[in-house]
Amino acid sequence: MCMKLWRACLLAVCLGMVIGPFNAARAAQTAPTLEPAEVEAFFDGLMAAQLESDHIPGATVAVVQNGEVILAQGYGYANLAERTPVAADRTLFRSGSISKLFVWTAVMQQVEAGKLDLNADVNTYLSAFQIPNTYPEPITLAHLMAHTPGFEEIGLGTFVRTADDLPSLEDHLAHNMPKRVRPPGVLSAYSNYGAALAGYIVSQVAGMPFEQYMDEKIFAPLRMTHSTFQQPLPSPLQADLATGYLYRGGKNEPRDFEYIPPAPAGALSTTATDMANFMIAHLQNGRFEDAHILQEETAVTMHEQSFTHDPRVSGFAHGFIESTLNGQRIIGHGGDTIYFHSELMLLPEQNAGLFVSYSGSASPLAVMNTQRAFMDHYFPAPVAPKAAPPANFADQAARVSGSYMAARGNQSTPEKLNALFSALTVQPGADDELVATLGAPAIFTWRYAQQEPLIYTSADTPPSIAGDLVFRTDTQGNVTQLFVQNNPTTAFLRMPWYAAPSFNFTLLGSAFFLFLTVLIGGLIAWRVNWRLRMLRTWGMTMAGWLAGLMSLLSIGFVFVLISIFSNPEIVFGLPPSVESLFLLPWVLALLALGMAICTVLAWRHRYWGWPRRLHYTLTTVAALGFVWFLAFWRLINIPIG
């Protein structure tokens with residue numbers, strides 16, 4: 001669902017995708033028959049290493065093939081204090097956004113029953129509230145399944161701390177509706193709200209609560225006896241729930257149950273054996289033992305691609321996230337809460353699937369490493385020859401160079417700032433290669449060779465976890481969008497120069513340098529003036545106080561903001577005591593305006609010598625620039641209350 005607010009968009013990009021490169025020329029690999037003993041030995045070694053190196057309390061794994069459970073195994077502890085071992089058939093893990101696959105399955109069930117139409121306006125099925133008609137085109141269930149409804153994303157309030165704070169699904173959807181920021185069907189931008197809305201619509205047409213629908217229509221026929229969307233868990237299951245942990249200060253701190261208001265989007269608690277049944281059902285086109293959760297024709301349709309930004313990149317298969325790794329087509333989904341990280345991946349051509357889930361906030365990279373290790377071990381790909389760079393590589397690289405922001409994001413609240421810290425920056429590198437850097441500061445760095453104009457393939461060994469980069473141009477030939485081959489959950493939009501990390505961090509660095517010189521210089525000047533009893537005019541005094549307050553409050557505001565938003569538990573929402581903090585940007589705007597007036601007076605009335613007047617002028621420009629930064633990233637217009 002969500003991680004640190006500063007990294008929410010970045011980790012949604014990284015953890016929501018199935019890793020690996022795409023190469024259309026590769027032939028599908030012949031599937032090996034997975035042997036239970038060998039698979040168990042492989043995961044025993046992998047998990048032992050990961051739990052130790054990544055500080056992970058516990059993990060659970062299921063591997064299936066040809067309708068059989070090859071492995072269902074728990075590792076580590078469900079509760080560190082009690083030393084309770086993880087049991088694959090009993091210990092429940094929070095699966096996060098893997099929950100959405102159950103929502104989309106339920107949607108297809110109701111399509112099959114004739115109660116839902118994927119192409120109908122979702123408002124057709126809503127009575128308690130309506131989606132605003134911001135654009136002429138209505139939002140449909142097909143848009144929700146492809147994450148193309150055009151909603152902005154909201155992270156704050158995705159979780160609440162207690163059952164008493166948990167609203168009904170209807171109330172949450174009605175009172176936390178994100179803005180529509182683009183027409184539907186144009187670009188994918190992963191939406192928790194959209195998935196929760198789809199789950200609510202299922203409950204409306206089925207005439208029962210969403211949790212009850214899951215129990216009766218999916219869990220019961222699949223023999224998923226240790227799975228639930230209920231919050232808190234039913235009494236018989238509570239003792240089997242793995243404890244979530246926050247890793248900080250070198251230790252895992254136990255945390256309470258995570259309550260998720262948009263429940264269909266991420267509230268599933270489940271076991272490895274139950275998820276094995278779900279994987280088998282989808283690999284067998286809706287059939288599990290003697291039960292069917294979907295008719296074969298419906299399941300086949302569901303697994304087919306329903307949206308892609310470009311034929312050369314992966315897309316969505318009616319809610320499943322597509323990717324290609326080692327030449328294998330994969331459909332699946334990742335899932336992240338604050339304290340649990342999971343992945344489900346199906347290889348339809350090999351009739352095989354993998355589910356893995358980890359407890360602990362320190363485990364996100366373990367998910368991706370397990371995907372890579374599993375695929376490289378059982379479905380390896382031959383090394384592809386490195387593409388020869390074209391003669392005009394420098395011109396082509398310059399054409400695509402720049403910073404790109406994820407379409408999944410927010411434009412109307414301070415969460416917009418995520419875009420600055422999750423930007424994907426591409427620029428020419430050595431040896432006629434393109435270098436792509438994800439995040440600011442960098443989390444991942446990949447190297448690419450040009451395959452053809454506007455298409456770049458991995459030059460890393462092993463190949464990049466992201467896959468190819470494909471760029472799109474407008475009608476004038478200007479590069480405007482970037483698609484990461486194995487991440488269909490968001491498009492990347494080219495950032496104008498004033499939104500790029502390079503400009504913004506230079507602006508902040510310059511401003512804070514000048515603010516520090518004001519504070520240091522002010523202390524020195526105060527000491528000198530006090531000792532020499534130097535006379536100062538009222539204007540000089542006012543100018544100095546304005547600059548000092550602006551400098552002190554600006555630096556303090558940023559450091560307090562970092563301390564608040566660097567806490568991964570910020571997704572529970574801002575405490576009421578913190579809301580007053582956002583009055584400060586308005587104060588800073590008034591101080592900057594006062595400094596601008598004092599700058600004019602300083603030059604007109606010749607305050608100080610010209611070097612100091614110049615320094616004051618530069619500091620005023622920095623103050624105005626900082627206020628622009630606050631306004632542009634929506635830190636200055638947050639509603640209070």
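This is a predicted model: local features need pLDDT of at least 70, side-chain atom pairs count only at pLDDT 80 or more; totals for chains, interfaces and linings use all residues.
Q: What makes Q50 count as buried?
A: Buried means under 20% relative accessible area. Q50 has a relative accessible area of 5%, so Q50 is buried. Q50 is found in helix α2, residues 36-53.

Q: What is Q50 in contact with, leaving aside its neighbours within four places in sequence?
A: Q50 is in contact with H55, I56, Y358, A366, N369 and T370. A polar atom of the Q50 side chain lies 3.3 Å from the backbone oxygen of A366. The cut-off for a polar contact is 3.5 Å.

Q: Why is S188 called buried?
A: The limit is under 20% relative accessible area. S188 has 0% relative accessibility, so S188 counts as buried. S188 is found in the loop between α5 (169-175) and α6.

Q: What does S188 touch, not counting residues up to four places away in sequence?
A: S188 touches A146, H147, T148, F307, H309, F316, A407, P488, T489, T490 and A491. A polar atom of the S188 side chain lies 2.5 Å from the backbone oxygen of P488.

Q: Why is D432 called partly exposed?
A: Buried means under 20%, exposed means over 50%, and partly exposed is in between. D432 has 40% relative accessibility, so D432 counts as partly exposed. D432 lies in the loop between β16 and β17. Not counting residues up to four places away in sequence, D432 touches P389 and F393. D432 and A391 are 41 residues apart in sequence. Their C-alpha atoms are 9.6 Å apart in space.

Q: How do you know that the span of helix α6 agrees with its number of residues?
A: The expected span is 1.5 Å times one less than the number of residues. For the 15 residues of α6, residues 192-206, that gives 21 Å. The end C-alpha atoms are 21 Å apart, so the values agree.

Q: Why is α6 said to be largely enclosed by the rest of the structure?
A: In α6, 13 of the 15 residues are buried, so the helix is largely enclosed.

Q: Which residues have the most contacts inside the largest nonpolar core?
A: They are F102, W104, V107, L141 and L197, in a core of 79 residues. Helix α6 gives the most to this core, with nine residues. A second, separate core has 49 residues, including L508, M595, Y607 and A623.

Q: What does W104 touch, not counting residues up to four places away in sequence?
A: W104 touches L144, M145, H147, A195, A198, M302, H318 and G319.

Q: How do you know that both faces of strand β1 are covered?
A: On one side G58, T60, A62 and V64 are buried. On the other, A59, V61, V63 and Q65 are buried. In β1, residues 58-65, eight of eight residues are buried.

Q: What makes β1 and β2 a pair?
A: Two strands pair if there are at least two bridges between them. Eight bridges join β1 to β2, residues 68-79, and the strands run antiparallel. In β2, G74 is the bridge partner of T60. The two strands form a hairpin with two residues between them. N66 in the turn has a positive phi of about 55°.

Q: How many bridges pair β1 with β14?
A: Seven bridges pair β1 with β14, residues 352-359, in the antiparallel sense. In β14, Y358 is the bridge partner of A59.

Q: Which strands form the closed barrel?
A: Eight strands do, in the order β15-β16-β17-β18-β19-β20-β21-β22, with antiparallel pairing. Neighbouring strands are turned by 30° against each other on average, direction ignored. Helix α12, residues 393-400, packs on the sheet. The direction of α12 makes about 100° with that of β19.

Q: What makes β17 and β18 a pair?
A: Pairing needs at least two bridges. Strands β17 and β18 have five, in the antiparallel sense. L434 stands opposite Y448 in β18.

Q: How do you know that the span of α18 agrees with its number of residues?
A: At 1.5 Å a residue, the 23 residues of α18, residues 610-632, should span 33 Å. The end C-alpha atoms are 33 Å apart, so the values agree. Just after α18, R634 takes a positive phi of about 65°.

Notes:
Residues are numbered from 1 along each chain as its sequence is written. Side-chain values use heavy atoms; hydrogens and water are left out. Helices (H or I, at least four residues) and strands (E, at least two) are DSSP runs, numbered from the N terminus. Axes are lines fitted to C-alpha atoms, for helices over the stretch in contact, and angles run from 0 to 180 degrees between N-to-C directions. Contact means heavy atoms within 4.5 Å. Buried means under 20% relative accessible area, exposed over 50%, partly exposed in between (1.4 Å probe, protein chains only). A polar contact is a pair of N or O atoms within 3.5 Å; within protein, one must be able to donate a hydrogen and the other to accept it, and residues adjacent in sequence count only if both atoms are side-chain atoms. A nonpolar core is a set of buried Ala, Val, Leu, Ile, Met, Phe, Trp, Tyr and Cys residues joined through side-chain atoms within 4.5 Å.
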